[in-house]
Amino acid sequence: MTAPTSTPNPFKNLPRTGQPDRTLLLMVFFVITSGILLASHNAPLMESMGSLGSFLKNPIVEALFVSLFLANVLFAYLWNAAPWARALVGVGSLLFVLPLAGREDTSLLDLSIQIMIFAALALGLNIVVGLAGLLDLGYIAFFAVGAYLWGIFASPRFAEVLRYYGENPGATNAGTLAIGLFLLVVTIASLVYISRLTARTAPTATTTWSFRLASLGAVAGLTLTLRAMMVLLSGSADSLEAGINPGFFWLFLALSIMAAAIVGVLIGLPVLKLKGDYLAIITLGLGEVIRVLANNLDLYSAGSQGITPIGTASVPWFNAAAGALGFAEDQHYLLFLYALVLVVIGVVLLVNVRLDRSRIGRAWIAIRDDEVAAQAMGVPLMQTKLIAFATGASFAGVMGMIFAAKQTFISPESFVLNQSIMVLAMVILGGMGSFPGVILGAAVVTLLNLRILPGLGEATANLGIPQEVNPGQLQRLIFGAILVAMMLLRPEGLLPNRRRQLELHHEDHQEDDSAQGNAGALGKGSGDVYSAGYAPAKEDDKAGGSR
């Protein structure tokens, strides 16, 4: 018996329709927008072009072309173009065209760094809100932790702190340092032991109180250790007038992640038994507590005056390369931070994707959808929520440190509630649970706040428009109207997560199958809809077959 032969597919070797066209369109769009961006940020060229140069320097036109250029990266991700073209556009836009344009206009490099900082913040908050479903309105507090951690040590403020402890040592000496270290080691070992013990057996009142006492001992040990170190280092205050050695920048990147994660756990422990509006209000309050502490702890944070100047990393070989490429000396640190934040956001995005596909990511989604069902299936609620808080906080901490190094100045006004609301708006506008959507939301909101709306105000400042209705005075109103319109027209976000999109448009995918049963179709007047179970024989009978 001969084996059946398969029918050849006549369409197998045909090219994919539309891919060559989209590849060509993507490359043409990239070349045109790149040329316009490079030309519009070249001041001598703009002056030689006369009226056309004046038109391109218009704030609204400049903001429009910056937005169109950044859209290259979005199109490279979305379009079904050739892989080589998509890679060329993405790499060329971020690694070549933007730095070259930023060499002529430093504000463009600054804008790009701001976009990526907020994109990383939004990715961190997306874990807490988008994946785990925990509404956190105090997220900017973790951003402040990373910023102040580096700001205090990399500025003259550190020398002031050492002088204070040198003048007020109290009874602190080397013995205090030894006691603090001993207490810290013992309590941390106790915490690890109790955690492993409760992981095998159900926690009891004894283990709960032991864990609390060990936590208190760890805080006391850490306090004694830090105070003793400050007193012992007070003699070197004069040599630290400009802050610590810039080489410690890399160590503090790791420390900012750890510090923000620890603060995230400490904030999460007392509040994660709550949910919904109660959780939102408490996280809002705790975020304000961090800001008020920064405002009142004058010795460490300089209060409302802020900390300045804050140093950054010293990378001689990078500075030499930047100088060879034509960058001015005062642009070296911005170019370094631009390259650094590109690497960091790449790592953050990779971690997000890996977590989303892991057991932890599935546990977060299960908790977001239904806490009771997740707990019934064996998901440890408190532990899983704390991991979400700590992970999101760690991203904010490292970006806070980079933000402090870029601004060279921080104050409590940089970490107000409005900043938390803005990051939350980025997550919702881009699409909760969608990583590319969150990055797009961060880019759109940052461009609106830093370029488009201020540019609109500048462009209309001399048109004789009454001040009451001048767009420059109504930027918040315009931004709010954009958010309202977006939520009405596309509540799932600009680039939504597939699951979230189905949740919000659940009714659109439902079919009316009631006509197939013993009841008529809904809305057609052909019958009544009965409850589940047995259909009642008479109008007065109880549904479900009960007597």
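Predicted model: local features only at pLDDT ≥ 70, side-chain atom pairs only at ≥ 80, totals over all residues.
Me: Okay, what does that make the two helices relative to each other?
Reply: Angles of 65 to 115 degrees count as roughly perpendicular. The axes here cross at roughly 110 degrees, so helix 14 and helix 15 are roughly perpendicular.

Me: Which residues of helix 15 make the contact with helix 14?
Reply: By class, this contact has five nonpolar, three polar and no charged residues. Helix 14 brings Phe318, Asn319, Ala322 and Gly323. From helix 15 come His332, Leu335, Phe336 and Ala339.

Me: Now helix 6 and helix 16: how far apart are their axes?
Reply: These are residues 106-131 and 359-369, packed at an angle of about 45 degrees. That angle makes helix 6 oblique to helix 16. Ile127, Gly130 and Leu131 of helix 6 meet Trp364, Ile365 and Arg368 of helix 16. The axes are 8 Å apart.

Me: Is Val379 buried or exposed?
Reply: Val379 sits in the loop between helix 17 and helix 18. Buried means under 20% relative accessible area. Val379 has 15% relative accessibility, so Val379 counts as buried.

Me: What is the C-alpha to C-alpha distance between Val379 and Ala366?
Reply: Leaving out residues up to four places away in sequence, Val379 touches Ala363, Ile367, Ala374 and Thr384. Val379 and Ala366 are 13 residues apart in sequence, and in space their C-alpha atoms are separated by 8.4 Å.

Technical notes:
Residues numbered from 1 in each chain as written. Heavy atoms only, no water. Axes fitted to C-alpha atoms, helices over the stretch in contact; angles between N-to-C directions. Helix = DSSP H or I, 4+ residues; strand = E, 2+ residues; numbered from the N terminus. Parallel < 35°, antiparallel > 145°, perpendicular 65-115°, else oblique. Contact = heavy atoms within 4.5 Å. Nonpolar A, V, L, I, M, F, W, Y, C, P; charged D, E, K, R; others polar. Buried < 20%, exposed > 50% of the residue type's maximum accessible area, 1.4 Å probe, protein only.
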